[in-house]
Amino acid sequence: MAQMRVFVYGGKGALGSTVVNLLKSKNYWVGSIDLSVNEQADANVIVKPELTMPEQESEVSSKVGDLLGDNKLDGILCVAGGWAGGNAKKIVEAADSMWKQSVFPSVITASLASKYLKEGGLITMPGAHPALEATPGMMGYGLAKAAVHHLTKSLAAEKSGLPSNTTVVATLPVTLDTPMNRKFMSSADFTTWTPLDFVAELFDKWLQGDERPKTGSLVQFITKESKTELVIA
């Protein structure tokens, strides 16, 4: 069987690094797109955060195209993101930063998929469970994640410009069990946090075509007592 090829957008973050490592251990060719190099990846595309979205897309797309040559991708896993709090008094700065950290990568992922994804390929998008409801204490974050949810549904609709039979899924964790989250929320109940290995293994399964959700699904990760259940929103 031919080696599967995947790009991880946000491949140097906590989740992205876990995904890159797991897929590499299963003999995938894995590229990382991020602000810095992931040494474990087969190839790296570095994003310059000071560029506009069209400039970032143009640069990333041309580098991905050069790296792939005549090959196409089995998947693009967008796990880029961040967090910012704040209500209306802090919304402008928070929304600007969240837009750049969540929406830019998701939109560029969609564009890359329209050019480089195989038919029947997989796209994952970085949604968030809290954005299904109002987020008054983190407005910029909720706004950006709701935009990612909308993009996921639009990409799954007819005439979206993606290759045929593409599966587009948004992942909606409540809280991921990352070192950063443990540092800043050290008194939280970690048994309600979704482990990064769980997400990485799930992506591997979906890439293999195993138990893939219906395209356009917003997949909530509900973790209780260290067990994670997938619930479609």
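The legends below describe close-up views of a predicted model.

**View 1. Strand β1 and its buried side chains.** Strand β1 covers residues 5-9, and because five of the five residues are buried, the strand is largely enclosed by the rest of the structure. The side chains of R5, F7 and Y9 point one way from β1, while those of V6 and V8 point the other way, and all of these residues are buried. In a regular strand, side chains alternate between the two faces of the sheet.

View 2. Strand β2, which covers residues 29-34, runs parallel to β1, and five bridges join the two strands. Within this pairing, V6 has V30 of β2 as its bridge partner.

**View 3. The pairing of β1 with β4.** Strand β1 also pairs with strand β4, made of residues 73-78, and this pairing is parallel, with four bridges between the strands.

**View 4. A nonpolar patch on the surface.** Three residues, M180, F184 and M185, form a nonpolar patch on the surface, and together they have about 340 Å² of accessible area. One of them, M180, lies in helix α5, which covers residues 179-184. The relative accessible area of M180 is 52%, and because exposed means over 50%, M180 counts as exposed.

Notes
Residues numbered from 1 in each chain as written. Predicted model: local features only at pLDDT ≥ 70, side-chain atom pairs only at ≥ 80, totals over all residues. Heavy atoms only, no water. Buried < 20%, exposed > 50% of the residue type's maximum accessible area, 1.4 Å probe, protein only. Pairing = 2+ DSSP bridges. Patch = residues over 30% accessible without salt bridge, like charges linked within 9 Å, V, L, I, M, F, W, Y side chains within 5 Å. Areas by Shrake-Rupley, 256 points an atom, 1.4 Å probe, with all protein chains shown as cover. Salt bridge = Lys/Arg side-chain N within 4 Å of Asp/Glu carboxyl O.
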